[in-house]
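Please keep the sequence and the three-dimensional view at hand while reading.

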Amino acid sequence: MSATDLAGALEQLVTVLDRARLPLPLDGVTGHRNTIAALKHQTEDYLLPRAQRLDAPLLAVVGGSTGAGKSTLVNTLLGAVLTRSGVRRPTTTAPTLICHPLDRDWFRSGPVLPGLVRSDDAPPDSRAMQIVVTEQLPAGLALLDAPDIDSVDDENRRLSRQLLGAADLWVFVTTAARYADAVAWELLQQAAERDAVVSVVLNRCPAEAARELTDHLEQMLLARGLRAQQVFTIPEQPEPATGMLSPELATPLRRWLGQLAADRGRRHAVAVQTLGGALRHLDPQLRELVLAATRQADAITDLREAGAQEFQTAATEISRATSDGTMLRGEVLSRWQDLVGTGELMRGLEQRIAAIRDRFTGWFTGSKKAEEVQGAITDGLAALILDHATAATEQAAIAWSRTPWGQVLATRPTELSRPEAGFDSEVAWLVRAWQKDVLSLVENEGRGKRRRARFLALGTNAVGAALIILVFATTGGLTTAEVGIAGGTSLMAQRILEGIFGDDAVRRLAARAKRELDFRVENLLTEQQARFEERLTTLGFDDALPERLTDVADALKVASGDAFDSLTRPEGF
Amino acid sequence: MRRRLDLLGELIHLTEQRVPPELTTRAREIAQRADQRLALGEQTVVALAGATGSGKSSLTNALAGTGIATTGVRRPTTSQSLAISFSATNRELLDWLGIPSRHEVPAPEPGLASLVLLDLPDHDSVVSAHREEVDRLVELVDQFVWVLDPQKYADAAVHDGYLRPLAQHSDVVTVVLNQVDRLPADGVAECLGDLRRLLDADGLPGVPLRATSTRTGEGTAELRRDLAAIAARKAAARARLTADLDLLVAGFREACHASPARPEIPEQARAELGTALEAAAGVPELVTALRLAMIHRGALATGWPVLSWLRRLRPDPLARLRPGGRPEVGQGSIPEHSALPDKGPIARARLRTGVRGLADAVGDQLPPDWSRAVHRAVTPDLDELADQLDQAVLRTDLGATRIPLWWRVLRGLQWLLVAAVVLGLGWLVGNAALTQLGITSGAAGPIPVLLVLGGLLSGMLLGAGGQVLIRLGARSEARRARRRLHRAVVEVGRRHVVEPLTEELHRLDRARQLIRKLGG
């Protein structure tokens, strides 16, 4: 049965809308958020109950501007003061639902407007919907006196829109002073879009201008494609002390409503027209939400990528700096030269002499100098990584700040533009851990018996330092500018290592050590990037939202098409 | 007002790119508008604004005592702003306001003569062009009369859209509840009370509020008298501009809020910058190298000549750091420009970290836009800074080229001792030879042996003792050099980092002074 399909699709829509968040303040997002809330209300308040029971009593919502005389009109229709009217604006803050005793149960505990608290009397300072039972109204039609659509009371404006969204029938009340208000026409436009059944009451109309104003109003309705069922004009009266107009003024409206309620066929037609229109209007709204959600997803992806790019750049730069020989300058270089005793002299001398000298100086000072090389490497590498990681964090925050929402994310609740306190010691720890990696790497490799003696003669620290020098100098391939300094330096390191491990093993060790370093640096940067990621996660945006919305819109289109085939099918088929 | 505008001009210039760009744009607009308005005379432009159907046009007619403004039942009625002057039309003023529809009416009472009354279109009808016209004129007019009526007095469109944003302009706002004839007699007070409550909530407590009715004539004479009084004071234009300025100054005050009020460069951050610059310029290694070089050279110069030549096989530690300037002992000075290679990514990283640390320390005391400006100011061309540091270090006299006198003395002594040894050896050899040849006989005596042994022993002792003195000398020499290098590096830091930063702080200070003057 297609009506249950429709109900199922609508329930699915509620689930999707419930979880739909548009967290970023992109252009028009307020409108889209309102649409989400309005659609959810409309689906729960009206579409679902109506799709389940097409023959349930009709709900006519009396809505309109503040001061238009909605409550007075309702009182007049019923011939009794049931709702408060007055000169204070806004007068009505809680909705009042008036229905025949037979329909009471449907509205008291039925599925219509499930989010509103019901009440049998009118407690002061409450927004609960009061339900009043009267025999004055025919069964099958309820009147709802809604709060205004345009006063300073925000909650009134929200509630009135929610109630109008739940109406089978609008009784839209305006006045001679109001009928051209932008707010009123914004709502009437919506009614036109969803093909709701509307009747307009032009209240407080100066008697002498009644004809002219009614004509003008009808022209305006026509120009905006609104098929108002009826336009009722009520002449201006002095503010009635009784809360009611003289009853004959409301007679045409009362008669119209009465006829509607009495005829089952017409009631059905009204219900079908408004339901069908609302369903048809859902689709373009959902498609627009799909676009809005896609834009949110894109904006979040942009932020994510802008951040990731900075950290990627940092990783690349650190990786390059630690492999192209440029690290072999300053202190690292001079400490290394102290260790191996090269320098000016070495450049011109035979390697053999160097070897002799190594033995002389190396025996006594080798171990201390190797530690100094390692120390220089720790300091230099840590400074390099710290700077690049900090710069990446700073740049990522700047990249985010180029959009207003990114700026908010980057600064609240805390500034993202700097790494957390203690980051420098984390970096120093990383470098030392890597040096330990390298040492254990050469230690493991040096266990081979034949080479053990030479390995021991130099010491783990010195061999490790040599490997690091080799990593810095050669794994990235030397640029011509560096060949002069780094080439000579690393050649020495390479000779030492090859003497111990052999060519292949040296290449393998260097590549392995470099991989370990890159891996550790990438982990560190990923951790920093995660701080940015976390901000995006707290937005609570569902990446699959565009897809979910599309799916539910497609499902609704099919289901409502099927449902309407069966609803509008001529009887007997 | 003129003076305030001048101050504002300076403030805008001073804070550009240091406050949100919207604020700068808005400030420019207001400054320009105020300039123009002040040049246009002292008439008071009063605008009657309000919703469609509130009776603005009827009220205009009632105030002017004419029927110029079109009134009607169709909504919206007025689609064009209309100006009524009660004396000769000030064409420049109305051109500036952009109102083509102008009328002259004899002043119903003398006070109104300097008044220009504007009947604005509505702000809430479906015709959006009306709203735009209202929004345009709201920025320009001197005095507002907001016309409300019993139906619409609580509309969100007027309260949220216009009255609340005018909270700072309460001096130039009058609110009128028109059409009170439509209310039951006992409803007027209740309605006015409720409207007063809403106005208080809008941030407009105490603005004049009048009940009027064009049908009964209630309140219109009083309103006209109010307006005449305002026009006679000829202060409305200034009052409006003052309110504009006050609002603007509040925006600037927030954007230039600093804590503490006079941010300073923390001593610690300054010291850390010095350390970072030294590290980037390689000062510590240079100083160490200098000390080792002094020892090396001292040993070469004063060591026992018999063995000290061996030391020549070792490189000079300083020469390695200053390629191209390889000062031989006792000759030449270090060249000013050398092909000192780029110190590499580590030095660069240290440089950036040091500069960033200083900017962070200062930026923390500033609002975000100023903090960004500080970062921009102190992050100049890094290569340039590195180059300047190198130049500064190169230009610093390390004192390593001078050869101390006592080195020469020691050296002379060493050679004397060598000569003594040679003499003793010669003596011994000569004596032995002569003995061999039978020319002389017997021992040479103790003197040559003493010369050889004493010379050798004293030479070694002198070498060792000299070494101790040289080490001490090298240490103090290194300390002196370190101080000189530190001064040179700090000077570069001052010129290229601290000075631009201080300039930003001065700028902020000046901006805050201006804000205080403007706010007073």
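Is Asp154(A) buried, partly exposed or exposed? In this predicted model, Asp154(A) is partly exposed, because its relative accessible area is 48%. The points below place this residue among the salt bridges and then turn to the cores, the surface and a sheet.

**Salt bridges within chain A**

- Over all chains, the count comes to 62 salt bridges.
- Asp154(A) forms one of them with Arg157(A), and the closest N and O atoms are 3.0 Å apart.
- Both residues belong to helix H5 (residues 154-165) of chain A, where they are three residues apart, about one turn of the helix.
- Arg157(A) has a relative accessible area of 19% and is therefore buried, since buried means under 20%.
- Arg512(A) and Glu516(A) also meet through their side chains in a salt bridge, at 3.7 Å from N to O.
- About one helical turn separates Arg512(A) from Glu516(A), because they are four residues apart in helix H18 (residues 503-538) of chain A.
- Arg512(A) is partly exposed at 39% relative accessibility, and Glu516(A) is partly exposed with a relative accessible area of 23%.

**A salt bridge between chains**

- Asp181(A) and Lys152(B) form a salt bridge of 2.7 Å, N to O.
- This pair crosses between chains: Asp181(A) is in the loop between strand E6 (169-175) and helix H6 (182-193) of chain A, and Lys152(B) is in the loop between strand E5 (143-148) and helix H6 (156-163) of chain B.
- Both Asp181(A) and Lys152(B) are buried.
- A network of salt bridges links Asp150(A), Arg178(A), Asp181(A), Asp124(B), Lys152(B) and Asp155(B).

**Nonpolar cores**

- The largest nonpolar core has 187 residues, and Leu10(A), Trp336(A) and Phe501(A) have the most contacts inside it.
- Helix H9 (residues 264-321) of chain A contributes the largest share of this core, 22 residues.
- Another core, of 69 residues, lies apart from it and includes Leu7(B) and Ala258(B).

**Nonpolar surface patch**

- A nonpolar surface patch of about 790 Å² includes Leu405(B), Trp406(B) and Leu472(B).
- Helix H17 of chain B gives the most to the patch, with five residues.
- Trp406(B) lies in helix H17 of chain B and is partly exposed, with a relative accessible area of 34%.

**A sheet in chain A**

- Eight strands of chain A form an open sheet with mixed pairing, in the order E3-E4-E2-E5-E1-E6-E7-E8.
- Its edge strands, E3 (118-119) and E8 (230-235) of chain A, each pair on one side only.
- Strand E7 (residues 197-205) of chain A runs parallel to E8(A), and five bridges join them.
- Val200(A) has Val231(A) in E8(A) as its bridge partner.

Key. Residues numbered from 1 in each chain as written. Chains lettered and ligands numbered in written order. Predicted model: local features only at pLDDT ≥ 70, side-chain atom pairs only at ≥ 80, totals over all residues. Heavy atoms only, no water. Core = buried A, V, L, I, M, F, W, Y, C linked by side-chain atoms within 4.5 Å. Buried < 20%, exposed > 50% of the residue type's maximum accessible area, 1.4 Å probe, protein only. Helix = DSSP H or I, 4+ residues; strand = E, 2+ residues; numbered from the N terminus. Patch = residues over 30% accessible without salt bridge, like charges linked within 9 Å, V, L, I, M, F, W, Y side chains within 5 Å. Areas by Shrake-Rupley, 256 points an atom, 1.4 Å probe, with all protein chains shown as cover. Salt bridge = Lys/Arg side-chain N within 4 Å of Asp/Glu carboxyl O. Pairing = 2+ DSSP bridges.
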